Amino acid sequence: MPKSLLLSFLAACILFASVSVMAQTVTDVPLSDADLKIKSAVQNAAQNAAQSATSEATKKLPTAEEIAAERARLERMRAALAAERAALEKYKADLVQRQQEAAAAAAKAKAEADAKAAAEKAASEKAVGSAGSVPPPAKDDPVSAKNMSPEELQRQRQLAIERAKAIEKAVAAQRAADAKKKAAAAATTAQTATPKDKDIATMKLRKIMQNKVKYVHLRDVAVNYGLTFAYTKNKANKVSGAVIYDKTRKAIFSATYRDGTVNGVQVYFLYPMLLKNSEPYISEVDFLTCLDPLLRYKTPVKLGMKTIMIDAGHGGTDPGAINGAHKEKVYTLQIAKRLQTQLEKLGFRVIMTRTGDTYPTLQERAALCKKYKPDLFISIHCNSSTNKTPAGIETYRAVPVGGTETKGSKVKTEKQSANEFDANNSRLAYEIQKGMLAATGGTDRGTRHQAIYVTGNATCPAVLVEVGYLSNEAEAKKIASPDYQNKIVSGILAGLAGYGSFLR
Ligand SMILES: [Zn+2]
């Protein structure tokens, strides 16, 4: 009994007992309002019971015929019930016997398979040889064969075979149901568990060469990541690119341009998607250094994330971009210092390439990275254009070998220290770009590849963020404000958190 039910039951017992006691003994003690209410309820109940008893008593009594009829009806019901019970008992006994037979049959089935086949063959030969003779009764036939006509014997035999078949079918159905249950349980477990990444080395990917570039079949990529493949089409209903996706991941490729989209963030690939013989391909270097790190749940390379180097762009004699009173070197240092404060609060060790209005050369900054061996390197800059319209956020990373700059076409052939971290660079750039966009609501100008000295020569995963365009009046005002600078910082922190969960 549930505890609450038990408690209400006990309370009812106590109430009943106290009401009885009161009614019997406490008649001369003045009663409280509550007691009076209980007493009146008890009296009402007694009155109602008395009334209903009186009305029952005044009803017409049944005649002798009616009593006899009722008795006969009850007798018939009793007989029917007894028959039902007997049938049920028989059915139960039958069922137990069948189950035992089925269990025994299943256990022996394998060993007896050959013997049975031989016996059946022999039996059929015998039947053919002695056509018209009576087949022997089945071993487990419950009815004695002696008193049966040949027809009845044949019928019983047939029934036994059918029964055996029915049992086999029931056992098979039970097994199928069990297997289904198991599969459902496994599916539930798989859904709740962290998805597992496939090792690239174990993937089967068709590859082709085109213009000296190695390509992998995009349909095969989709299959290996458990993603669905679909072509995208333009207004003229011609294939314009492709999309691979599942519930949580989605990558879109263009057959014309390098810019694609991964989970809603603009990502520049190194090459456009290739359509060859109506089949979709992406460059192998894109697959390995851009796409795989973004589709993966966990990084294949274990890297730490304790020490972070922050590089405030420009400084001293190098003001960076200028728009009236707006100077890039001022804002990059302000944002760098805000980021430093927040990271130190979170327990990170932070190393700054500059803390004042000084200009360490690019080589000196790279040397600091080499010397202090941070786990991550983040360079902060503001963008600029001769055209005053462009606005928005970009994140840069080193160009992988075999790829080209986002704004170039020359294929990079020489490896830099940063290329050790191509996969992590891709994920770091994506996460930070995503974080800054979410925090500021700024325009997404994508994660890009460029030959930048500090990111290319970093000795750890490294990115360079362009937090907005100083050449755009409205954006310059925003970048100058502490509010926007704080938003950029929280966006970078969110990106680092995303990158961190990719590491662990
Ligand atoms: Zn700059």
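Helices and strands are taken here as DSSP runs, of at least four residues for helices (H or I) and at least two for strands (E), numbered from the N terminus. In this predicted model, the chain has 12 helices and 17 strands. Of its 504 residues, 28% count as buried. Among contacts between residues at least 6 apart in sequence, 65% join residues at least 24 apart.

Strand β1 covers residues 207-210 and strand β2 covers residues 213-217; the two run antiparallel and are joined by 4 bridges. The hairpin has 2 residues between its strands, and N211 takes a positive phi near 50°.

Further along, helix α9 spans residues 422-440. From first C-alpha to last, this helix of 19 residues reaches 27 Å, close to the 27 Å expected at 1.5 Å a residue. Because 18 of its 19 residues are buried, α9 is largely enclosed by the rest of the structure. Just after α9 comes G441, with a positive phi of about 70°.

One partner of α9 is helix α12, formed by residues 482-503. The axes of the two helices lie 7 Å apart, and the packing angle is about 140°. α9 is therefore oblique to α12, and their crossing is right-handed. On the α9 side, the contact includes R427, L428, E431, I432 and M436. The residues contributed by α12 include Y484, K487, I488, Y499 and F502, with G491, G495 and G498 also among them.

Technical notes: Residues are numbered from 1 along each chain as its sequence is written. This is a predicted model: local features need pLDDT of at least 70, side-chain atom pairs count only at pLDDT 80 or more; totals for chains, interfaces and linings use all residues. Two strands pair if DSSP finds at least two bridges between them. The expected span of a helix is 1.5 Å times one less than its number of residues. A residue is buried if 20 or more other C-beta atoms lie within 10 Å of its own, exposed if 12 or fewer, and partly exposed in between; C-beta atoms are placed from the backbone. Two residues are in contact if their C-beta atoms, placed from the backbone, lie within 7 Å. Axes are lines fitted to C-alpha atoms, for helices over the stretch in contact, and angles run from 0 to 180 degrees between N-to-C directions. Angles under 35 degrees count as roughly parallel, over 145 as roughly antiparallel, 65 to 115 as roughly perpendicular and the rest as oblique. A crossing is left-handed if the near helix is turned anticlockwise from the far one by less than a right angle, and right-handed if clockwise.
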